[in-house]
Amino acid sequence: MPDAIFAHPRLAAIYDAFDGDRCDLTTYLNIADELGADRVLDVGCGTGCLAILLADSGRDVVAVDPAEASLEVARSKDRIGRITWVHGEVTTVPSRSVDLAVMTGNVAQVFLTDDDWAQALQGIHAALRPAGHLVFETRRPERRAWEDWAADAAQLTIEIPGSGPVEQRREVTDVSLPFVSFRYTYRFLSDGMVVTSDSTLRFRSRDEVEASLTSNGYQVQDVRDAPDRPGREFMFIAERIN
Ligand SMILES: C[S@@+](CC[C@H](N)C(=O)[O-])C[C@H]1O[C@@H](n2cnc3c(N)ncnc32)[C@H](O)[C@@H]1O
């Protein structure tokens, strides 16, 4: 069951506004160019920001997410229906022989158990063509991002077309490594509605991620820094090997 921040219709509608600038996505477009990928699967596509950019660049795109409210936002950006939107888990995507699968926005951290993560890697493996690539990012645990989240004056109000002014508050609710939990509270000032969203993420080490890739049929080709968040993320580039 996806978190309310993705699955609640009122929160999905304001997600992009609070997410702000998406210069992180340029890196993925550049990697798609580098790998010569024409057919791309966007896993955990959310509101579809990357899927739209990939389709704009002439690629054939399949995008999957279990949060229907986020997919609704995504579909509304794809007026001429260029993208195949799939509601569900990656294991529900039929074998598509895609050249590249991506997970942006630290989607890899939503898979909390080893089994869930292995199933996701296997589902992606089945969707990739032989020697296709999986590219994703995950926050470096040693950078301890949750300490910044807790220290931030994490309250922000923005005016959003169609929703009016909305206040967002973030609090870290638990740190039991490798798990970190946090809560967003949104107040819609136009009608007073308050919606909370609780999330837990798993912070895996580089070694842990590399081992999981190897044991699920991938060869790690490269581990890079995210140019827009230097020192904070690992970007894994893995190739399907069997
Ligand atoms: C932080 S958002 C990132 C969305 C998008 N990739 C982006 O960069 O804007 C995480 C996304 O992961 C999705 N998600 C949660 N559980 C998932 C699962 N089991 N499989 C695939 N996606 C999942 C959420 O619904 C949400 O859309």
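The paragraphs below go through the ligand site, the salt bridges and the aromatic pairs of this structure.

The model is predicted, so local features are given only at a pLDDT of at least 70 and side-chain atom pairs only at pLDDT 80 or more, while totals for chains, interfaces and linings use all residues. Residues are numbered from 1 along each chain as its sequence is written, and side-chain values use heavy atoms, with hydrogens and water left out.

A residue counts as near it if one of its heavy atoms lies within 4 Å. There are 16 residues around the ligand, and Arg22, Gly44, Asp65, Glu89 and Thr104 come nearest. Sorted by class, this shell holds 9 nonpolar, 4 polar and 3 charged residues. Here Ala, Val, Leu, Ile, Met, Phe, Trp, Tyr, Cys and Pro count as nonpolar, Asp, Glu, Lys and Arg as charged, and the others, Gly among them, as polar.

A polar contact is a pair of N or O atoms within 3.5 Å. A backbone N or O atom of Gly44 lies 2.7 Å from a nitrogen atom of the ligand. Glu89 has a polar side-chain atom 2.7 Å from a nitrogen atom of the ligand. In the side chain of Thr104, an N or O atom is 2.6 Å from an oxygen atom of the ligand. Taken alone, the ligand exposes 590 Å², of which the protein buries 90%; these areas come from the Shrake-Rupley method with a 1.4 Å probe.

Next come the charged side chains. A salt bridge is a side-chain nitrogen of Lys or Arg within 4 Å of a carboxyl oxygen of Asp or Glu. The whole structure contains 26 salt bridges. In one of them, the closest N and O atoms of Asp16 and Lys77 are 2.6 Å apart. Asp16 sits in helix α2 (residues 9–19) and Lys77 in the loop between α5 (68–76) and β3 (84–87), so the bridge links parts of the chain 61 residues apart. Helices (H or I, at least four residues) and strands (E, at least two) are DSSP runs, numbered from the N terminus.

Another salt bridge joins Arg39 and Asp99, with 2.9 Å between the closest N and O atoms. Arg39 belongs to strand β1 (residues 39–43) and Asp99 to strand β4 (residues 98–103), 60 residues apart. Are these two residues buried or exposed? Arg39 is partly exposed at 31% relative accessible area, whereas Asp99 is buried at 7%. Buried means under 20%, exposed over 50%, and partly exposed in between (1.4 Å probe, protein chains only). Salt bridges also link Glu137, Asp228, Arg229 and Glu233 in a network.

The aromatic rings make up the last part. A pair of rings is described by the distance of the centres and the angle of the planes. Rings of Phe, Tyr and Trp (its six-membered ring) pair if their centres lie within 6.5 Å; planes under 30 degrees apart are stacked, over 60 edge-to-face, and the rest tilted. The structure has 11 aromatic pairs. Phe136 and Phe236 are stacked, at 5.2 Å centre to centre and 25 degrees between the planes. Phe136 lies in strand β5 (residues 128–139) and Phe236 in strand β11 (residues 233–240), so the pair ties together parts 100 residues apart in sequence. Phe136 is buried, at 0% relative accessibility, and Phe236 is buried at 0%. Phe182 and Tyr184 form an edge-to-face pair, with 5.9 Å between centres and 90 degrees between planes. Both are buried.

Technical notes. Polar contact = N/O pair within 3.5 Å; in protein donor to acceptor, adjacent residues only side chain to side chain.
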